Amino acid sequence: MLFRLESRGNRSEFWTYASPVLAIVLTILTMGVIFGVMGAPPLASVETFLISPLLTASGLSALAVRAAPLIMIGIGLAFCYRANVWNIGGDGQFTLGALAGGGLALAFPNEAFWWFYPLVLVAGIAGGMAWAGIVAFLKLRFNANEILTSLMLVYTAQLMLVWLVTGPWRDPQGFGFPQSAQFGADATTPDFGTTSIHLGCLLAPLLALAIWQIMTRTVLGFQLRVVGQAPRAARYAGFSNATLTWVALLVSGGLSGLAGIIEVTGPIGQLTTGITPGYGFTAVIVAFLGRLHPVGIIFAGLLLALSYLGGDAAQISLNLPNAITGIFQGVLLFYLLGADVLILYRLRRTRHMPSTTEPAA
Amino acid sequence: MTLFFVTSFIVSIMAASTPLLLAAAGELIVEKSGVLNLGVEGMMLIGAIAGFATAHATGNAYAGIIAAAMAGIAISLIFAVLTLSLLANQIATGLALTIFGHGFAALLGAGYVGIAAPTLGKLAIPLLASIPVLGPVFFNQNILIYASFAIVIFISWFLRKTHAGLILRAVGDSHDAAHAMGYSVIAIRYAATAFGGAMAGIAGAYLSLYYSPLWSQDLAAGRGWIALALVVFSAWRPFWLLAGAYLFGGITFLSLYLQGLGVPIPSPLISALPYVGTIIVLVLISRDSRRIRLNQPACLGKYFHAVT
């Protein structure tokens, strides 16, 4: 081996923030290679993928619209991961939020009270919380692995959505398409002016800042961090693991549910079978790339939102499948996880000496 | 007549169980070495597209299986480099594998949607296949169904009766002790991870070359995750894995069968049966945390960084 890893002894502040930058640069280079392999001009394709969506006003507002759910789910997931709770079912909690709030809106289509919209949002939050609550309950009561349960609930939620929009909630005037009726005017997320930017785009960064305050300024936030970083110390200090698991999952589920109900009452306007292109999974990358930090997550959410727009742009102007988005996201996470080794370790060149004690690494 | 139905039920259940068994058998060895690779779903998808594309290009389904195994190994080595050499978080890296696998299969598969590749033929074993009832069920199947049984017997024998199996278990249960005894923990874990990748890749090829006649996106449909749950269900014992895989094959079959019968339950809800079933089984198994702790490899998911 040419290099070996040497422990730094403590976390490198520099590499905590330099690692995402390094990962992004390496991902862009790799994307160039992938475009080349697929027979597209590398430089021009990267420009189409990452820059062209940002050059128009409509592109920028589309970016904000895509980033809103990613940021909301991402801060919730970061909250969980800090507490060492591996919720990866953001997509399911998002869907349940859309179903709970959407169901309420469909049940009362002509409700004309100013408080009906907030009520729909609250229902969405409750739906997401309930779905995440199942995960918390099964983990604490039966010791069931939250990674697997939260993921199985993603599939279950998706199938519930399909059932509802093809069955009981299908729009009678929808020509048989698998979709619900459009939501009424009082259950619609308001837009700003003529752009597609909606309330959720404003709410997402505000929620991120609120969560940051909770993490840094409250006892609860402190306990969450201790449980995540030093579970033993937390136990000695008498912090209740159960309470924190509940809080982490409910906060995260509530935020995902809110993202879901805002998405269907806003940009989509009705329930359909395809309300999420995997936001819950992309948000995992958002959380890690943003260093599990609310401010970082805002930037990471914008970058990953760009990868969706880039995929569409590549499809339209380069005639490539928009699945290129998934490749970008996967490669980015690979590089990020690899580069993160530099936070705790430094690379040392190994001298040419035949060591008798074979280094196992 | 009823006999005919029973035979065809059993054959359908075997068909649904095999991909779970193949992938879970690989993951069992991976976890026995102390590595938790959550990317089974992604490796399956990559195996599925690699197998499909190769079989489509060469016209040979067996070439597809080999390509799928190679692709599974290749992607699992990315996981190994990140988690074993660069000490990245195994949970996050496994997720990255799955996200990448989805993207990769969708990208390469974009041109294949709705197209068929050569399917894996059945290999009748002479004489045995002509036994009534048992013959068609057990001795007239495709090669991967035979292989799935062979692999369970093999890993059970390997883990219990061989020296190499003992070393693998030692690495998974106490990497420090294994290291002190002079075994290369990292090299052994690399090998185990690659085996898991090959098996998941082959499971993917089974889906794209036999189980599903046409290429479609998201062919794995959560089977990689169910395979992970099966390893927990089996408490890391190969023959229990077989039982678990057939239990889930049975549930999958039941959900397809009920939809075919036209029972008054909406079909999306019946389709949810395997996923809800996984949660229920996981709950029943995990209740007894002592039993899990007793059987789970002690170093599962832990970092190993030799200082010397």
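I started with contacts in chain A (heavy atoms within 4.5 Å): of those between residues at least 6 apart in sequence, 77% join residues at least 24 apart. This is a predicted model, where local features need pLDDT of at least 70, side-chain atom pairs count only at pLDDT 80 or more, and totals for chains, interfaces and linings use all residues. Residues are numbered from 1 along each chain as its sequence is written, chains are lettered from A and ligands numbered from 1 in the order written, and side-chain values use heavy atoms, leaving out hydrogens and water.

Next I looked up burial: 53% of the 361 residues in chain A are buried (under 20% relative accessible area, 1.4 Å probe, protein chains only).

Then I checked the overall dimensions. The C-alpha trace of chain A spans about 80 × 60 × 35 Å along its principal axes.

The axes of α1(B), residues 2-32, and α10(B), residues 223-233, come within 8 Å and cross at roughly 55 degrees (lines fitted to C-alpha atoms over the stretch in contact, with angles from 0 to 180 degrees between N-to-C directions). On the α1(B) side the contact includes Pro19(B) and Leu20(B), and on the α10(B) side Arg223(B) and Ile226(B) are among the partners.

Definitions and conventions. Helices (H or I, at least four residues) and strands (E, at least two) are DSSP runs, numbered from the N terminus. Buried means under 20% relative accessible area, exposed over 50%, partly exposed in between (1.4 Å probe, protein chains only).
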